[in-house]
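I opened my notebook to walk through this structure one piece at a time. Here is what I looked up, entry by entry.

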Amino acid sequence: MSQPAAEPVTHPSEQSQTRRLWLVELTPSQGSEDRRARELAGDAADLHLTNDLRVRTARGFLLEGDLDEHSVEGITRELLVEPVVEEAAWRRVDEASGDAEDPRVVYVLPRPGVTDPEAESVLKELRSHGLAIDALRTCRRYEFDHPRDEVRRIATRLLVNDAIEQVVYGDLVLRTLRHAGTTDFELRHVPIRTADDARLAGISRDGGLSLSNEEMRAIRDHFLGLERDPTDIELETIAQTWSEHCSHKTLAGRIEYRDESGTRQFRNMLRETIFAATETVRARAGDGDWCVSVFRDNAGIVDFDGETCLTFKVETHNRPSAIEPYGGANTGIGGVIRDTLGTGLGARPVCNTNVFCFAPVDTPVESLPPGVLHPRRIMKSVVSGVRDYGNRMGIPTVNGAVFFDPRYVGNPLVFCGNVGLIPRKFVAKQPHPGDLIVTIGGRTGRDGIHGATFSSAELTEHSEVTSGGAVQIGNAITEKMVADVLLQARDSGLYHAVTDCGAGGFSSAVGEMGESLGAEVWLERAPLKYEGLSYTEIWISEAQERMVLAVPESAWEKFEELCASESVEATVIGRFERTGRLRLTYEGQTVGELEMDFLHNGRPEVVRRAVWSAPAPDNLDSERFRKIDPEKSLLKILASGNVASKHWIIRQYDHEVLGGSVIKPLVGAANDGPSDAAVIRPRLASRRGVVIACGMNPYYGDFDPGLMAASAIDEAVRNCVAVGANPARIAILDNFCWGATDRPETLGALVRAALACQELAVQLGTPFISGKDSLHNEFSYTGDDGQRRTIGIPSTLLISAMGQIADVAKCVTMDFKAAGNRIFLIGVTRNELGGSHLHLVNDLPGGTAPTVDGDRARETFAAVHRAIDSGLVRACHDLSEGGLAVAAAEMAFAGNLGAEIDLAPVRVDGDLMTAGSEGESRLVRLFSESNSRFLCEIALENAEKFNECFGSESVADVGFVRGGNRLTFTDAGHPVLDISLNELKAAWLGTLDWN
Amino acid sequence: MTTTPKVLILRSPGTNCEMETAHAFELAGGDPEFLHVNRLVESPEAIDEYQILCIPGGFSYGDDVGAGKILASQFRNHLRDAVERFRDAGKLVLGICNGFQVLIKTGFLVPLDHGGLPVTLTWNNNGRYTCRWVTLKSGKGPCVFTRGLDVVYLPVAHAEGRFVTRDAEIMANLQSSGRVALRYVNDDGSNGNVPFPANPNGSDGHVAGICDESGRVFGLMPHPERHVDRTHHPRWTREVLSRTPDGLGIFRNAIRWFE
C-alpha cells in the first residue's frame with residue numbers, strides 16, 4: 001500500500017499537544033439513494049468497463065488537530081452530515097487499525113497542493129467556532145463488489161485523474177496531513193553566456209521554457225552585454241513574457257505569405273488584417289464610432305447606452321482541459337471572468353458563453369490513442385467544470401455550441417467567453433509611480449506552474465505525467481468574493497489600475513502593468529497556500545482567483561479594510577516605480593533585475609513562412625449523391641452531434657441568474673427549441689438588450705479556410721440579426737485554434753482565414769474588438785506498430801458576436817407561432833454542399849463550400865432587421881447546418897405546428913438548375929448551406945409589407961404554417977418529403993439526451 | 001404602517017441573486033438594502049432596522065459540505081436570537097433557493113426535534129443541477145407570501161432542491177397545518193401524479209416551498225425574482241400573458257403585509 005504524502009490546505013497553526021487525525025465518513029442512509037454510485041455505474045457503462053458496476057460510496061473529511069471523539073462527533077452532527085439522508089461514522093486513521101486489508105476498498109484524495117475548496121470552507125467555519133484544527137482535506141471512499149484486479153482497472157479508468165488525485169487501495173492510514181517542510185533559499189544562476197546552441201536548447205527544454213534557439217541566443221547576447229549570467233527567475237520571466245500565450249509572437253509577428261495571387265510581407269499579421277478591419281470600420285463610422293477600446297485591454301470595449309459600455313472576451317483553455325477536463329474547463333471560465341474584472345478599472349460580468357470541440361462521443365474505446373481520455377468523459381467533465389464555476393459565480397451561461405470531429409481526440413477545444421458591463425468613466429487605467437502592487441483573492445501555490453509555456457507546446461501521450469503541475473483547480477466562491485469587493489473599491493476610486501493573474505501569474509500581470517513604468521516586487525510577501533515554494537515558483541505560479549492592483553498609498557488603508565470586511569485577503573507585494581526596470585527581491589536579496597524594454601521588445605523578430613494553395617478538389621460521386629434519401633438524411637442531420645439538441649448541457653447551466661433573461665437558449669411551445677441567439681437585459685432598469693451568438697464550421701475549412709472564416713462571421717452575425725439585433729451594432733471576436741503553425745501550409749491556412757475575416761468584417765461593418773489564438777494543437781503518440789503519429793485538429797475559427805437591441809420587446813424567436821401564417825425564405829441558394837451536413841451524414845466528399853457575398857449579406861441583414869423592427873416578423877430562424885430542411889423542421893417542432901413548404905419558388909443562383917437532375921436540384925434546395933439566409937414566419941396581413949422590405953431576387957414566399965403534426969416539402973406540387981414532427985423532434989432530442 | 005418597508009437583502013460569500021431580488025422588491029414597492037453577513041454577525045441588532053429579511057439565491061460559501069450548510073451554521077451560532085426576535089415582532093423572512101436551504105438547515109422553518117432536523121433539501125433525483133420552468137400551486141394556509149395566488153409559473157435552478165422528511169407523519173403534519181405553501185403541479189394545473197420534469201427534483205409531496213407556523217417565514221426553491229417582467233416568461237413571444245408577472249405577486253404580498 002502506498003503511503004500518500006499529504007499537505008494541509010493552509011498554514012498549520014501552532015503545534016497541538018495531542019494532535020490526532022480523524023476520518024469522518026458519510027454514507028447514504030437506509031432508503032436514500034447512493035447518487036455517486038449511480039453516476040459511476042453510468043460512466044462505467046459509457047466507457048464499456050462494465051454494465052454491472054457494484055459499488056458503495058462515501059464522502060469523507062480528514063480532520064487533524066487537538067480533537068477528541070466528542071468534538072469530532074459534534075462537528076459531524078453540527079456541520080458535516082446531511083440530516084435525514086445520510087449516516088455518519090468516524091475513526092482515527094493515524095494509527096493502523098490492525099484489520100486485514102480489504103482489497104475492494106479504494107480511497108481517493110486530492111494530491112498535495114491541489115486546491116480543495118470544500119476543505120478550505122469547512123476549515124474556516126470550524127476555526128471560527130474556536131476549534132483547534134490544524135489541517136483538513138476531503139476524500140472519497142469506494143467499496144466495490146468486484147475482484148481485486150478489476151477494482152484496480154475501474155479505479156484507474158473511472159475514479160482517479162492522476163494529474164490531481166491520488167488513490168489508496170485498502171485501509172487508509174495517514175500519519176499527518178501536514179506538509180513535509182520548507183526549502184531553503186538559494187539564489188540560482190543559469191550559466192548561459194558560455195552555452196553553445198546545443199546547450200541553449202538543453203536549458204530551454206530542461207527548464208520547460210519553450211523558447212526557440214533564436215530567442216535563447218538573444219537572451220545569451222543580452223546577458224553577455226550585462227557581463228553576468230541570468231538568474232533562474234530572470235530566465236523564467238523572459239520565457240513567460242515571450243511565450244506564444246502571452247505575446248502572440250506568431251500571428252503578431254512577421255510573416256511572408258504566398259498564395260495564388262503572389263507574395264505578401266506582413267510586419268504584424270494580426271495588425272494588418274484583423275485590427276486593420278476594425279480601423280477601417282471605425283474610420284468609416286466617423287462620429288458614429290461606437291468602439292471604445294479594442295485589442296488593448298483584457299477584453300474589447302464598445303458603447304452600450306452612452307453611460308455604460310460592454311466588454312467581451314473569449315478565451316481558450318485547451319491544453320489544461322485535455323489533461324484534466326473538469327479543472328481545465330473550470331479555470332477556463334474562471335479565467336475569462338477575471339479578464340472582465342480586469343478590463344478597464346473592472347467590469348461587472350453579465351453572461352457567459354461556451355463552445356466546445358470534442359471527438360465523437362461514440363468513439364470506440366479501443367481506437368483511442370494512448371494517454372487520451374475518452375471524449376465522452378472529457379465532455380461530461382468539461383460541462384461539469386463550466387457548470388460548477390459559472391453557476392457558483394452567479395453568471396448566466398446563455399450561449400454556446402458543441403462541435404464533434406475525430407481530429408479533436410487528443411486536443412479537445414474549450415472556448416470560454418464572458419460579457420461585462422462597465423460605466424464609461426471607468427474604461428481607462430494606468431498605474432502611477434509610487435502605487436503599491438497589491439494582490440487580492442486566492443493564495444499562491446504550486447498550481448499551474450508553466451501554464452503559459454506549456455500551452456504553447458504540443459501535447460503528447462506523456463503530457464498527463466509531465467505537465468501535472470500545469471493543471472489548476474478553481475474556487476469560484478473566492479472569485480465571487482473578489483468580484484464583490486473589487487467593484488465596490490472601483491466605485492470608491494481606491495485604485496488606479498487592475499489586471500488579472502492569468503497565464504504566467506504575477507510575472508505576466510506585474511510585467512504588463514508596469515511595462516511603461518517599472519516595478520519592484522517583494523516576493524516573500526505573497527501569501528502562500530503552503531510553505532516550501534521557491535521565489536521563482538511564487539513569481540510564475542498560476543494559482544487561480546488572484547487579481548493585481550495598483551493602489552495609491554493614500555488609499556491602501558481603506559482598500560484593505562474593505563477587503564477584510566468581506567473576508568478577502570489583500571496583500572502589498574511591491575511598488576510601481578518609474579525605473580524602467582523590473583526588480584525582484586526575496587527577503588531583501590535581489591533575485592532578478594530586468595529592463596522592461598528588453599523584456600517587452602527584446603524578442604528577436606523571426607520571419608515565418610506561410611503558404612496557401614487550394615487542396616486538390618475531391619470529386620463528388622454524383623452516382624451516390626443521386627441516391628441520397630432526403631427523409632433519412634434530414635433525420636440523420638437532426639440527430640448528428642453538432643445539430644442535435646444540447647438540452648443536457650443547457651439545463652445544467654443557470655441561464656437566468658441576474659434576472660435579465662429575455663431570449664433563452666431554449667424557446668418555443670415546450671421551451672425546448674434551439675434559439676439562434678440569447679438576449680439579456682444587463683441593466684434591469686432599462687429595456688435595452690445585449691444579443692450573444694456564435695458561428696463556427698471547421699468542415700468548410702477543409703475546403704478553404706477563407707470560406708470557413710467568412711461563413712463563421714456570416715453565421716454569428718445572422719444569428720444575432722435573427723432575434724432582432726441591429727446589424728449596425730454588432731461587434732465580433734476571433735478565436736483561432738490551429739495546428740502546428742511552424743509548417744508553412746498550416747500558417748498559410750491561418751493567414752488566408754485572417755484575410756477573409758478582414759474583408760468581410762469591413763463589408764459588413766462589424767468590427768473585431770478582441771481575439772485570442774491557440775496554436776500547436778496537435779497530439780503526438782507512438783502507435784502499436786511503433787510508428788510516431790501526429791493528429792492535428794482541423795483549422796478552427798470561432799467567431800463570437802455581441803449585438804444590441806434598443807427595445808427587447810421587439811425580439812423574435814424561431815418557433816412557428818400560428819397556423820395560417822406565411823413562410824418566406826430570405827436569401828439566395830447556391831449549390832454549396834461542400835463540407836455540408838448532408839455530405840457528412842452520407843459520408844460524401846467533394847462539392848463546393850459556401851461563399852459569402854458581403855455586400856448582399858449586409859443588405860439582407862439590414863432588411864431583415866427593418867422587418868423585425870417594424871414588428872412584421874412572428875418567427876425568424878437562420879439557415880445553417882442542414883439548410884432549409886433543418887431550419888424548417890426546427891421551427892415546426894419548436895412551435896409544435898406543422899408546415900407546408902414548396903421548393904419551386906426558392907431563389908437560386910443561375911447555374912444551380914444545371915447541376916443535374918430534378919432530384920439533385922431538390923437536394924440542393926433542401927440542404928445547401930449557402931450563407932446569409934433566413935426563414936421567416938409572417939402573418940398573412942403583413943405579407944405584402946414584409947415582401948417590400950426586400951429586393952425580389954432575394955425573397956420567396958415558400959409556404960405556410962399549416963398546423964397539425966406534419967412537415968411537408970413539395971416541388972411545384974410534386975411531393976418531396978412528408979414527415980411527422982414527432983419523428984423529427986425525437987431524432988433531434990435523442991442523441992445527447994443523457995442521464 | 002405608512003412608510004415603505006425596508007428589506008434587508010443578506011449577502012454572503014457566494015450569494016449571487018441579490019441584485020435581481022432587490023430589483024423585484026423595488027418593483028413591488030419595497031426599499032431594499034444589501035447587508036453582508038459579516039456585518040450582521042458583528043452587530044445582530046442591525047436587523048431591527050428592517051421589516052423584511054430576505055436570504056437570496058446563490059451558493060453561500062460554495063454550498064460546500066451541503067447546500068446552505070455553512071451559512072446555516074453561522075445563523076445558528078450567531079443570529080438565532082436576532083432572527084427569532086425579528087419574526088416574533090410580526091416581521092417577514094423570505095428564503096429563495098439557497099435562502100430556503102439555509103432556512104431549512106437552521107431549523108427556522110421546521111424546528112429540530114429529538115432526532116435532529118426532521119426535514120431537509122437534498123440532491124435532485126436526476127443527480128445534477130437543473131434549470132427549467134415549473135408550474136406551482138399555492139396552498140390554503142397561513143403563508144403571507146402566497147396569499148391570493150393560485151397557479152404560478154416560475155423557474156427553478158438548483159442541484160439540491162429535493163424536499164424530504166424523516167417520516168410520513170412529519171409530511172402529514174406539514175400538509176394538514178397548511179404549511180406546504182407551494183407545490184409542483186403538472187402544466188395543466190393537475191396534481192396527484194406529478195412526474196419529472198413537472199416535479200423537477202423528486203420532492204416528497206411535490207413540495208416546492210413551506211412556511212413556518214406563523215406563515216411569516218417562508219422558503220421556496222423556485223425563483224420568483226426571475227419572473228417579474230413580461231419578457232422573463234419563456235414563451236412571451238408566443239403567448240398572451242397575465243398582466244402581473246407571477247413572481248411579482250409574491251413580493252407584492254410581502255410589501256402589502258405592512259400596509
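Predicted model: local features only at pLDDT ≥ 70, side-chain atom pairs only at ≥ 80, totals over all residues.

I started with a cut-off: I call a residue buried if 20 or more other C-beta atoms lie within 10 Å of its own, with C-beta atoms placed from the backbone. With the cut-off in hand I turned to α11 of chain A, where 17 of the 17 residues are buried, so the helix is largely enclosed by the rest of the structure. I then checked its length: α11(A) has 17 residues and reaches 24 Å from its first C-alpha to its last, close to the 24 Å expected at 1.5 Å a residue.

At what angle do α11(A) and α12(A) pack? I found about 35°, with the axes 7 Å apart, for residues 325-341 against residues 375-393 of chain A. The crossing of this pair is right-handed. On the α11(A) side I noted contact residues including A:P325, A:Y326, A:I333 and A:I337, and on the α12(A) side A:I378, A:V382, A:Y389 and A:M393 are among them. By class, the residues of this contact are ten nonpolar, eight polar and one charged.

I followed the chain on to A:G344, which sits in the loop between α11 and β12 (348-358) of chain A. Is A:G344 buried or exposed? It is buried, since I count 27 other C-beta atoms within 10 Å and the cut-off is 20 or more. Leaving out residues up to four places away in sequence, A:G344 touches A:D297, A:I301, A:I422, A:F426, A:V427, A:A428 and A:K429. I also looked up A:A862, which is 518 residues from A:G344 in sequence and 32 Å from it in space, C-alpha to C-alpha.

In chain A, β7 (residues 254-259) and β8 (residues 262-266) run antiparallel and are joined by five bridges. One bridge I picked out pairs A:R258 with A:T263 in β8(A).

Entry 6, over to chain B. Here I looked at β9 (residues 180-185), which is mostly covered, with six of its six residues buried. β9(B) pairs antiparallel with β6 (residues 130-138) of chain B over four bridges, and B:T135 has B:V185 as its bridge partner.

How many residues does each chain give to the contact? I noted 50 from chain A and 44 from chain B. Elements of chain A that each supply at least two residues include α1 (35-46), α12 and α15 (476-491). The largest share on the chain A side, five residues, comes from α3(A). That side has 21 nonpolar, twelve polar and 17 charged residues.

Key
Residues numbered from 1 in each chain as written. Chains lettered and ligands numbered in written order. Axes fitted to C-alpha atoms, helices over the stretch in contact; angles between N-to-C directions. Left-handed = near helix turned anticlockwise from the far one by under 90°. Contact = placed C-beta atoms within 7 Å. Nonpolar A, V, L, I, M, F, W, Y, C, P; charged D, E, K, R; others polar. Pairing = 2+ DSSP bridges. Buried ≥ 20, exposed ≤ 12 C-beta atoms within 10 Å, placed from the backbone. Expected span 1.5 Å × (residues − 1).
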